[in-house]
Amino acid sequence: FAGPAQLLRRTATATFEFMFRNPIRDTYQAFTTSRHGYKPWEIFGGLWEIFRTTKFGRRMGLTESGMYRAFMNSGAGGHTLGSLNRNTVQEQLRRYDQVQRRNFFISIPSTLLEVLVGTQEALENATRLGEFTRAVRKLEAQGVSMEEVYARAAYSAAEVTVNFKRSGSQAKAWNKWKSFFNASLQGKVRL
């Protein structure tokens with residue numbers, strides 16, 4: 001029953017209008033709610049860090065700084081709307097044996113929609129990565145242990161814009177029926 005709501009979320013957030021408008025909203029929200037002094041231009045640094053990790057970036061001879069990997073490994077990167085669909089797929093893949101996994105990956109079409117979804121997620125993570133980077137640098141300068149630095153930076157990055165993972169059991173149930181129920185709820189909580 002969640003199929004129509006999930007399809008609407010996926011296609012509505014993969015439009016050019018959404019991809020243009022959402023990073024502006026996220027950047028403004030991060031600027032006003034950041035615990036570590038996020039600046040609006042840091043979205044470009046986040047996009048650059050993400051680009052450096054792509055196969056296109058590697059083909060251009062760019063090397064990673066390691067900040068994006070630390071961001072993803074800390075769990076800060078899983079709080080986007082697009083990542084919720086990916087988390088569901090990952091849970092299903094864990095249940096498959098090796099042959100079933102191979103068949104699954106062979107059957108995945110490389111479509112324009114997938115490219116748009118990936119772009120949207122990179123744009124959303126760019127703001128979070130900017131906050132994560134700023135938090136890591138600030139906390140390291142304070143002499144906080146690296147484990148604590150990454151934990152606090154991940155939390156700060158998740159909370160700097162709408163945290164799509166934060167919801168109770170009732171909100172998760174409603175979100176299956178109403179496409180953006182949790183997103184609208186979380187947006188109001190942040191204000």
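Student: Let's take helix H9: how far apart are its end C-alpha atoms, and what should its residues span at 1.5 Å a residue?

Tutor: Happy to, and please keep in mind that this is a predicted model. Helix H9 covers residues 146–159, and at 1.5 Å a residue its 14 residues should span 20 Å. The end C-alpha atoms are 20 Å apart, so the model agrees with that expectation. H9 is also where confidence in the protein chain is highest, at a mean pLDDT of 89, whereas helix H6 (residues 81–95) has the lowest, at 56. For context, the protein chain averages a pLDDT of 76, and 62% of the residues score at least 70.

Now for the side chains and their surroundings. Within H9, the buried residues are Val 149, Ala 153, Ala 154, Ser 156, Ala 157, Ala 158 and Glu 159. Tyr 150, by contrast, has 30% relative accessibility and therefore counts as partly exposed.

Phe 132 belongs to helix H8 (residues 112–141) and Tyr 150 to H9, so their pairing ties together parts that are 18 residues apart in sequence. Phe 132 itself has 0% relative accessibility and so counts as buried. Ring pairs also bring in Tyr 68 and Phe 71, which form a cluster with Phe 132 and Tyr 150.

Phe 132 leads on to the nonpolar core. The largest one has 22 residues, and those touching the most other members are Ile 50, Phe 71, Ala 76, Leu 129, Phe 132 and Val 136. H9 is among the elements giving two or more residues to this core, together with H3, helix H5 (67–73) and H8. H8 gives the most, with seven residues.

Ser 34 sits in the loop between helix H2 (16–33) and helix H3 (42–53). A polar atom of the Ser 34 side chain lies 3.0 Å from the backbone nitrogen of Tyr 38.

Pro 40 is found in that loop between H2 and H3 too. With a relative accessible area of 32%, Pro 40 is partly exposed. With sequence neighbours up to four places away left out, Pro 40 touches Thr 27 and Phe 31.

Helix H3 contains Ile 43, which at 8% relative accessibility counts as buried. Beyond four places in sequence, the contacts of Ile 43 are Pro 23, Thr 27, Tyr 38, Leu 123, Ala 126 and Thr 127. Asp 26 makes a handy reference point for both residues: its C-alpha is 9.5 Å from that of Pro 40, 14 residues apart in sequence, and 9.4 Å from that of Ile 43, 17 residues apart in sequence.

Methods. Residues numbered from 1 in each chain as written. Predicted model: local features only at pLDDT ≥ 70, side-chain atom pairs only at ≥ 80, totals over all residues. Heavy atoms only, no water. Helix = DSSP H or I, 4+ residues; strand = E, 2+ residues; numbered from the N terminus. Expected span 1.5 Å × (residues − 1). Buried < 20%, exposed > 50% of the residue type's maximum accessible area, 1.4 Å probe, protein only. Phe/Tyr/Trp six-rings, centres within 6.5 Å; stacked < 30°, edge-to-face > 60°. Polar contact = N/O pair within 3.5 Å; in protein donor to acceptor, adjacent residues only side chain to side chain. Contact = heavy atoms within 4.5 Å. pLDDT = per-residue confidence, 0-100. Core = buried A, V, L, I, M, F, W, Y, C linked by side-chain atoms within 4.5 Å.
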